[in-house]
Amino acid sequence: MNIRILGSCSGPERRHTSFTLERADALYWFDAGEGCSRTAHLAGLDLLSTRAIFISHTHMDHIGGLPNLLWTLRKLDSRQGRLAGKTVRLYLPDRRAWPAISALLSLSEGGFQCKFNLDIRGIADGVIYDEDGLRVTALHTSHMGHDAQYGWRAFGFSVEADGKKLVYTGDTGGYDDYAPLLENCDLLLHETGHHDPLAAARRLAESGRAPKRLGFIHHGRTILADPEGVQARLNDLDGINAQILNDGDAAQL
C-alpha cells in the first residue's frame, strides 16, 4: 500500500485532512478535506482509478473537498472515459449529507450527469468493504456522539491489504475509541487536533499495543506552534516510533 497525505490539518494553516491508499491499479480515499482532488492530481495520482471514498465524519475539514473531488472525477472521465460503466463507492457516516452534496453538484455544468455510477452507502461498526484483497473495518468514535435516529456519526477505520494493517483514528475521543483496532497494526494515523501528541504517544507506549509506526495528522495548535520541538520530544520517548506527518508526505506499507 502506498499512502499519500494530501492534507494534514484542521485549519487554514495547512491543507485539510485527507489521505489516499494506492495499490495495484486502485485508489482509495480517506476523508476529503478542501482541495484534496487538486493536490492528488498535481502529485501524479491516477484519480480515475478511484474505487471507494471513506468519510470519517461530516465536519467541514474532513468533507469540504468531497463535492469538488466528485466533480473532478466527472471532469477527468469526460475526457478519458476510463470510469465509464464502473462504480465508485462513497461511504458516509451520516447520509443526510448526500442530498445537499448532490443538489450542489446538480447545479454544475451538465447537471453532474456521469458515465460512472456512484454507490452511496452508510457506515456502521464492522467490515464495510472487502474487495480485491483490501478490507476496511469501521469502528465508531465518541467524537460526535450517538444520535437516536441516525446512530454513530463519526468513525475510525482499519485497512488490511497485502499482509499489512493501517489504522486511522478519525477524530477520536482517545485511546479507548481505537484500541480494539490496534492488534497487529503496522501504522497508526492519529489525529492531534483534539489531543496532545506526546500524551497520546506515551499512552500507546504504555499500553502494550503500540503500533510499529505512529504517524500524527490532523494537526492542532500544539504541533502547529512548534513541530520541530514536538518531534524532538517524540524522538526521546521509549517504546514508540512516532513521526509528525505533513502535507504531501508519502509512506509505504
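Mentor: Begin with contacts. This is a predicted model. Setting aside neighbours within four places in sequence, Arg15 is in contact with Leu6, Gly7, Ser8, Cys9, Thr39 and Asp247.

Trainee: Where in the chain is Arg15 found?

Mentor: Arg15 lies in the loop between strand E1 (2-7) and strand E2 (18-23).

Trainee: How far apart are Arg15 and Thr39, in sequence and in space?

Mentor: They are separated by 24 residues in sequence, and their C-alpha atoms are 9.1 Å apart.

Trainee: Why does Arg15 count as partly exposed?

Mentor: Look at the relative accessibility: under 20% is buried and over 50% is exposed, with partly exposed in between. Arg15 has 39%, so it counts as partly exposed.

Trainee: Now a helix. How do I read which way its residues point?

Mentor: An α-helix has 3.6 residues a turn, so residues three or four places apart point the same way. In helix H6 (197-207), the buried residues are Pro197, Leu198, Ala200, Ala201, Leu204 and Ser207.

Trainee: What covers the buried residues of H6?

Mentor: The cover includes helix H5 (175-178), strand E13 (187-191), E14, H7 and H8.

Trainee: What is there to see at the two ends of H6?

Mentor: At the start, a side-chain oxygen of Asp196 comes to within 3.0 Å of the backbone nitrogen of Leu198. After the helix comes Gly208, with a positive phi near 80 degrees.

Trainee: Which residues of H8 are buried?

Mentor: In H8 (residues 227-235), these are Gly229, Val230, Gln231 and Leu234. They pack against H6, strand E14 (213-217), helix H7 (221-225) and strand E15 (242-244).

Trainee: Stepping back, how do I judge the whole chain?

Mentor: Compare its radius of gyration with the value for a compact globule. For 253 residues that would be near 18 Å, and the protein chain has 18 Å, so the two agree. The C-alpha trace spans about 55 × 40 × 35 Å along its principal axes. The chain has eight helices and 16 strands, and 53% of its residues count as buried.

Trainee: What share of contacts join residues at least 24 apart?

Mentor: Among contacts between residues at least 6 apart in sequence, the share is 63%.

Trainee: And the surface and the charges?

Mentor: The accessible surface comes to about 11,000 Å², with 45% of it belonging to carbon and sulfur atoms. There are 27 positive and 32 negative charges, and their mean positions are 6 Å apart.

Conventions:
Residues are numbered from 1 along each chain as its sequence is written. This is a predicted model: local features need pLDDT of at least 70, side-chain atom pairs count only at pLDDT 80 or more; totals for chains, interfaces and linings use all residues. Side-chain values use heavy atoms; hydrogens and water are left out. Buried means under 20% relative accessible area, exposed over 50%, partly exposed in between (1.4 Å probe, protein chains only). Helices (H or I, at least four residues) and strands (E, at least two) are DSSP runs, numbered from the N terminus. Contact means heavy atoms within 4.5 Å. The radius of gyration is taken over C-alpha atoms; the globule rule is 2.2 Å times the number of residues to the power 0.38. Accessible areas come from the Shrake-Rupley method with a 1.4 Å probe; for residues, only the protein chains shown count as cover. Lys and Arg count as positive and Asp and Glu as negative; His and the chain ends are not counted. The place of a charge is taken as NZ of Lys, CZ of Arg, CG of Asp or CD of Glu. A polar contact is a pair of N or O atoms within 3.5 Å; within protein, one must be able to donate a hydrogen and the other to accept it, and residues adjacent in sequence count only if both atoms are side-chain atoms.
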